[in-house]
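Reader: I'm new to this one and would like a close look at a single part. Could you walk me through it slowly?

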Amino acid sequence: MLSFADALALLGVDSARVTALDRALGGALNLATGGASGAVLGMVSERGRIVGVGRDAVRGVGARLGRATSRAERTDVLRAAHAVIVIVAWFEALEETALPISLGELDLVRGEQVALAGGSGTDLFAVTVPCPEPHLPPEALSEELRSWYGQYGDALLAFLHGLAVWERASAEEQARTTSLVRATRDRALFRYRHLSFQLVQAAPEFGYWLTLVEHQATRTEVRRALDGIDSLLAATADHLQPPVDVAAALATAHEASLTHTILDTATTPEGIRVPTVAAMYLDPDFRVAKPLSQSGPADESWWERLPVRRDLTSYLAGILTHPSLTDAPLLVLGQPGAGKSVLTRVLAARLPRAGFLPVRIPLRDVRAEDELQDQIEQAIRAATGERTSWPELVRAAGGSTPVLLLDGFDELLQTTGVHHTDFLVRVARFQRREAELGRPVAALVTSRTAVADRARYPQGLVALRLEPFRPEQMQRWLAVWNEANSGTLRPLTWETVSRHLELASQPLLLTMLALYDATEGGLTRDESEQPLELTELYEELLSSFARRELGKTSRDAAPDDEATRVEQELQRLSLVAFALVNRGRQWVSADELDEDLAGLLGRRTAEAAGFRTPLGPAETALGRFFFVQRAQSVRDGRVLATFEFLHATFGEYLAMRLALRLLTDLLAPRPSLSLGESRIDDDLAYAVLSFAPLASRQMLRFARGLVRTMPPERRTRLAERLVRVRNEHKTRTGDPRPEYRPVERRTSSRHGIYDANLVLVTLALLERTSVHELFPRASDPVGSWHHRCLLWRSSMEEEQWTDMALSFTVRRTWDGEGRRSLEIRLREGALPQPEPLDANWFFRYPQGHGGPGWQRAYHEDIWHKLTVAGSTNDQVVAHALDPVFRNLGPCVTTFTPVEDAPASSLAHDLLRLLLDDTDALTRTELGDLYERVQRGIRALPTDFERMDRVLELFLVARDRDRDRGAVADGTLDSIDQLVAHLATRSSLRPTLLRHYPWLVRG
């Protein structure tokens, strides 16, 4: 922690002057700026000298910065200057305050001073001086300073209390002094702002610490390639020496990357001109905050609470010159294709040579097991061709601060498992060591957002998330693309791209759309043509890129053969998709994928036709696809690789596409010789579809789109076949593909998941169905549906079951023969409220049954069963209903039917009276509800111990509705008759006395 004396010395104040002031303050200056302790009397009496020395120090900041020999020293000077203006601002505010009690009259005997310093609790500088940080809005710093200045005022007041000068003051003078001292915090904050603006004039980067630059630039403004960050930072280091030797070579290598194209030209189709990084990279919007827990940055809701900022260049200028970045790294997060790696390339190229030495370390290309310093040295050699040690590089950098750009932390996590969860902590530890050796280093680490919760965060780490493109950025991107390809390609318009915002909002996926349109013309259709449906777009996108890659190796293939090979490529990708889906994550390692392929297709090497074409190593099968991202790291000399799709929806589409093809294969003709029923061979479908439910909203959206391309007759046949498969194989005991085990699942769970997936596809095919169609052989189809739902739930994780349950809309009905039934369909749109339940339906009475009521004695069993399974959802319901079961017990299982209306329980009707808006009911409807409740109360057992609670609730509702004139006289009369009937029970007399005193007394 920086002492006040150190701060003054850093700012160039004469040492003799500092020593004299320190002596007057009893040594307080040599305590931290968070702490000149105890000598309150000295501070008050010497406040004029403190202000004078501080003002002189701040006035000399410009000259002192000009003498800084390194970027790190300049940062230290700024931090010291800020600490001084914070303290000076308060003393200036105190100096300007006309207190009723003269501070010049203060005096203490020596004993009082010792007692005060020794533990009275008065400590003017016991709290660290707040420091602005680029991720904090100005109002947050103001609030922190206001609180800090308030502690100063409270310390002074605590010091004054009990002194003779305070005792001599009148009560009015004491009150006014207290008010004025406490008001110094606002005056001090005003003075601080004035002094901080002076500091900005001397040191422009301090303005970025304060985030004085407006975050919310106009919505139409789009900045490109961090343009201007070099000029912003160059002005702060124009007196520093540029790097030499290998450090200069490294800077040259980084600067050259701006002239490279945004894509590797080897992957770009002929005739397409891809713009350079400098022209094409657009500064993304972002959110930024300091995590308070490990889980925050991986949680979407945590980010949603933060404002979106559009000043990335200004923010980076602030954080790169701030002392916090040499204590802990900045963690840059984003989705695949969001531009994290390109950001590190652009930043490395843009940073001015004098002041900063960027070192970009692609973590995929260095040995994962090595220490960070070794990884840095490997990256330097890869970039420059020169061998050098880290200390030699720092010396060659002159006064520039090294900036480590560690790109791809998620690749380490994915490829090596838990071995690198402490990577960020190790980076901070390296920074601490370097700072102690006098060579501070800044650090920035990139990672996918999805794995952010698997890392341990060092204290002080700040997380930044790159946001998807907004429309203005997409339009600017299209303008650059169209200008580069002017005269060779038809312009790709915003009207065309805006139909596909889900993909176009990620820079790399927008590039993919542009390449697809340039080669296939599939996006830019004639005005007379309808735009592509979602499933059509995905099919065309994936097919076109597969066709393009195949064309590089088989240019003379016949059209029919090309179509077959494209389908095989998509099937390869579909197996990758299921490797992800069945493992419940967004990536799969090359080893895992190879095991999956061997388990499903065998380890053959000979070529064969159709789906069963054996695959080569995963790297060969997938590495060439634009929309598959390959993560890698090097460990023990071996390249470890993982694969994921640039956008999760690619995998979801391919998984559903393959699922439908596997199930459609079940329609294959029966063998020529089939005497009797022949078993449907669904072994491959069962192997692939029995590990994870396909119930996400996006997958079901794809399912609907894919089945719409099938003829109606074929859809009906396939739905019927799936019903038969479910019935035929419900007693399956074998495992047709035992080598295929993406995850460990109990056999019963695999049965449940497979059955659930077949039902989902059946519903996609039919749009709606009934339990009688799903369970044609069941004696009680509704009961079968219930049992299957229990099986599904027991087979899935809670999140999977939630997706599954929310995918259905269920309506209770009676069929033409009066049997209860369920109509089931896939849900579309917002989640509807469940339809009101009819007790006639679940107790198997006819619809509109108006006979006598019924009662069951197992309400306590229901209450108990809610607590047995222990699921969160059941416990939430049980918790809410505890008072109902405890006070209304038998009311839960007492039912009152009404002719041509749904039947309901007494508990249900009583709660409706109490909780529903009875103003919304007509007098007739309200009267019917009261009549139901009365019938239910009459049916309760005479020995029910809590009858008084039931009656109390009922009469409270009656009093409310009677007083507002909502209840008809006939209804009130019938209630009076019920009460007269119950008045004979002594246990009810206290309740009746509150509502019918005349009846009870009579």
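At what angle do the axes of helix H6 and helix H8 cross?

Author: Happy to, and keep in mind that this is a predicted model. Two packed helices are described by the angle between their axes and the distance between the axes. For helix H6 (residues 71–95) and helix H8 (residues 138–160), the axes cross at roughly 50 degrees and come within 11 Å. H6 and H8 are therefore oblique to each other. As for the sense of the crossing, H6 passes H8 in a right-handed way.

Now look at who does the touching. On the H6 side you'll find Ile85, Val86, Ile87, Ala89, Trp90, Phe91 and Leu94, while H8 brings Leu145, Trp148, Tyr149, Tyr152, Gly153 and Leu156. Sort that contact by class and you get 12 nonpolar residues, one polar and no charged ones.

Let's stay with H6 for a moment. H6 has 25 residues and reaches 36 Å from its first C-alpha to its last, which is close to the 36 Å expected at 1.5 Å a residue. H6 is also mostly covered, with 22 of its 25 residues buried.

Next, follow H8 to another partner, helix H10 (residues 171–202). Here the packing angle is about 145 degrees, and the axes of H8 and H10 are 9 Å apart. The crossing of H8 and H10 is right-handed, and so is the way H6 passes H8.

The H8 residues in this second contact are Leu141, Ser142, Leu145, Arg146, Tyr149, Gly150, Gly153, Asp154, Leu156, Leu157 and Leu160. Facing them from H10 are Thr177, Thr178, Val181, Arg182, Arg185, Asp186, Ala188, Leu189, Tyr192 and Arg193. By class, the contact of H8 with H10 has 10 nonpolar, five polar and six charged residues, whereas the contact of H6 with H8 has no charged residues.

How values were computed:
Residues numbered from 1 in each chain as written. Predicted model: local features only at pLDDT ≥ 70, side-chain atom pairs only at ≥ 80, totals over all residues. Heavy atoms only, no water. Axes fitted to C-alpha atoms, helices over the stretch in contact; angles between N-to-C directions. Helix = DSSP H or I, 4+ residues; strand = E, 2+ residues; numbered from the N terminus. Parallel < 35°, antiparallel > 145°, perpendicular 65-115°, else oblique. Left-handed = near helix turned anticlockwise from the far one by under 90°. Contact = heavy atoms within 4.5 Å. Nonpolar A, V, L, I, M, F, W, Y, C, P; charged D, E, K, R; others polar. Expected span 1.5 Å × (residues − 1). Buried < 20%, exposed > 50% of the residue type's maximum accessible area, 1.4 Å probe, protein only.
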